[in-house]
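Look at the structure below and follow the text from one place in the model to the next.

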Amino acid sequence: MSDIRPVGPAHPETEQDAPADAQVTAVGVPEAPPLQERPEQPDAVPVKPKGRRDKPASLWSDAWYDLRRRPLFLGASVLIAVLLVMAIFPQLFTSIDPYDAKTCVLANARQDISAAHWFGTDNQGCDVYARTIYGARNSIVVGVSTTVVTALVGGLLGLIAGFRSGATDTLLSRTTEIFFAIPPILGALLILAMFRTGNVWTVMLALAVLAWPMTFRIMRAAVITAKNQDYVMAARALGAGPWRIMFRHILPNSIAPVIVVATINLGSFIAAEAALSFLGVGIRSPDISWGLMIAEARDRFLEAWEPLLFPAFMLSLTVLAFIMLGDAVRDALDPKLR
Amino acid sequence: MGRYIIRRLIQAIPVLLGSTLLIFATVFALPGDPIAALAGEKRQDPKVVEVLRDQYHLNDPFFAQYWHYISGVFRGDFGRTYAGVEVSELMAAKFQVTINLAMTALVMEAIIGVGLGLWAALRRGRATDSAILASTLILISVPVLVTGFVLQLLLGVQLKLVTGIDFFPVAGVFDGWRSYLLPGFVLAGTSIAYLTRLTRTSLVETLRADYVRTAIAKGMSRRRVIGRHALRNALIPLVTYLGADLGTLMGGAVITETIFNIQGIGQELFRSVYERQQPVVVGIVTLLVLVYILANLVVDLLYAVLDPRIRYE
């Protein structure tokens, strides 16, 4: 019985489900073309993507159609692509390996910008440009891994709490209230102080422990909305089991807000990593992190601003890229959140 | 109303107990021995160590220690540091500094955020609106770590060099309220941007409402329509945000405090974590949790003032 698919998941890849998709979309996550972009037709029917004219647009294909036309999204994508290449292959950008101690010459400490040292040198005589480039990896690893872990943990628990309700829900919701009350930076500082070392994984763990309740809350709310929709009742009437209803019907229709929040949070996780490394509890020397570079440069900031401001600029640019992506994704997936 | 407040306060007790237990356990798990740390490199008399451990209940099991601490807190006794200072005295001084900083930030946030949001909403779709939206994006993206140092260099040092007047002191809190201006702005940065966006969205919505159209049709002045009809109804989400933000600002002040060398609770907590001063760490977090709970309660009570349709039984 459960193989009958009257209402498929709202996913553009499952082609045969397309007509049902439209129905799911209409009652599921609110979806309308953003008013601001098309002021001449405030009640516009969803724009159909080219080449798929015979099929109604699903939430995802419509969002993708919308995204591709947004300068904000395109700009963010280009920036993020460059940052990813920088994180994976830093040697493409610089011939100096900053992890090799021989490249730092103490006699060259705090030099100005020159042809040899594009961003000058720091207190130890290391090349700031090379260190800034190599710093991208740790920031992005922390940002992406924390986002994935919080989305998985918070999303899964939120799905369970919203779907099961009752005691499970009460217990989980009360637990998140406790986490919400703890100031995140101070909490992360405490957790990191428990470890004797600091690296990307301890930072990821500390941030994830404090950040999952937010994803949980959003997922739970979305699941509760989706749970009471007609298509869930229809699936249940057709004899679908709880797992099937949860993962095939409710999950695809309640995941959009989680994706939005996850993308927006990615930027804040990167900023939080820098802050914790700056305080000395995050990533530690000899590992390279922008926050750590800022901390090392701050004592001689007035004499030599290059070692501080260049990593600071890259940090801001990275956070900006992910916040822009998050804004664009939010506008495309859920115009009501704006 | 009174019953509602009492119910809310009772509901807050599990949150308070849970968060303090969590923090207490974390500090309990920290590496190092606080009594050994008192003597530094010197050898300690085992008898003295034993008396001290007994005095601070360090030999008790974990839950006995927690119970001893939390029952003290409910009597208003936050315990003593391992150096013998009353934690409540220590915290009072530090909290004063952080409250000054957070309140400066909150006032700046409210004025600048609501102002810019109002301006953007009234100029919706025009160049001013786009410029304000773009600047909020930048403000959200630049971390406190960066704005702190950049503004310290530009406004604190360069401006002083150029004009010869010290407009914005860059460190400490020894210049009265002026010392809080720059750190307050740095701390408020991201919140200003979010509040601007929120004000804009909220106002755009109310400006479209029927009662605003009616007010305009009745021939009311633009100022009165915007101020009395649109803005007041748009205030609820803004008050929510501002209320929730007080706790965030106080809890998140540690970076700003470090950059501007302000001796507030963030710095105190940082130091106490390393000295393993359990009563101080747990005390600070307990008070911050209380601020968070009370701020949320005040926000909920303010709803009834802003919107007479909302009543609490």
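**Rings and helices**

In this predicted model, Phe62(B) has a relative accessible area of 18% and is buried, because buried means under 20%. Phe24(B) is also buried, at 3% relative accessibility.

A search of the whole structure finds 11 aromatic pairs over all chains. The rings of Phe24(B) and Phe62(B) have centres 5.8 Å apart. Their planes meet at 55°, so the pair is tilted. A pair of aromatic rings is described by the distance of the centres and the angle of the planes.

Where along chain B do these two residues lie? Phe24(B) belongs to helix H1 (residues 2-28), while Phe62(B) belongs to helix H4 (residues 62-74).

Now turn to chain A. The unreviewed UniProt entry annotates residues 72-93, 140-163, 175-195, 201-219, 254-283 and 308-329 of chain A as "transmembrane region". Over residues 175-195 of chain A, the model is 86% helix and 0% strand, with the end C-alpha atoms 24 Å apart. Residues 201-219 of chain A are 100% helix and 0% strand, and here the end C-alpha atoms are 25 Å apart.

Chain A also has charges placed over rings. The charged end of Arg217(A) sits over the ring of Phe180(A), 4.0 Å from the ring centre. Arg69(A) lies over the face of Tyr65(A), at 4.1 Å from the centre of that ring.

Technical notes
Residues numbered from 1 in each chain as written. Chains lettered and ligands numbered in written order. Predicted model: local features only at pLDDT ≥ 70, side-chain atom pairs only at ≥ 80, totals over all residues. Heavy atoms only, no water. UniProt positions renumbered as here; feature names shortened; annotations may be inferred. Helix = DSSP H or I, 4+ residues; strand = E, 2+ residues; numbered from the N terminus. Phe/Tyr/Trp six-rings, centres within 6.5 Å; stacked < 30°, edge-to-face > 60°. Buried < 20%, exposed > 50% of the residue type's maximum accessible area, 1.4 Å probe, protein only. Lys NZ or Arg CZ within 6 Å of the ring centre and 35° of its normal.
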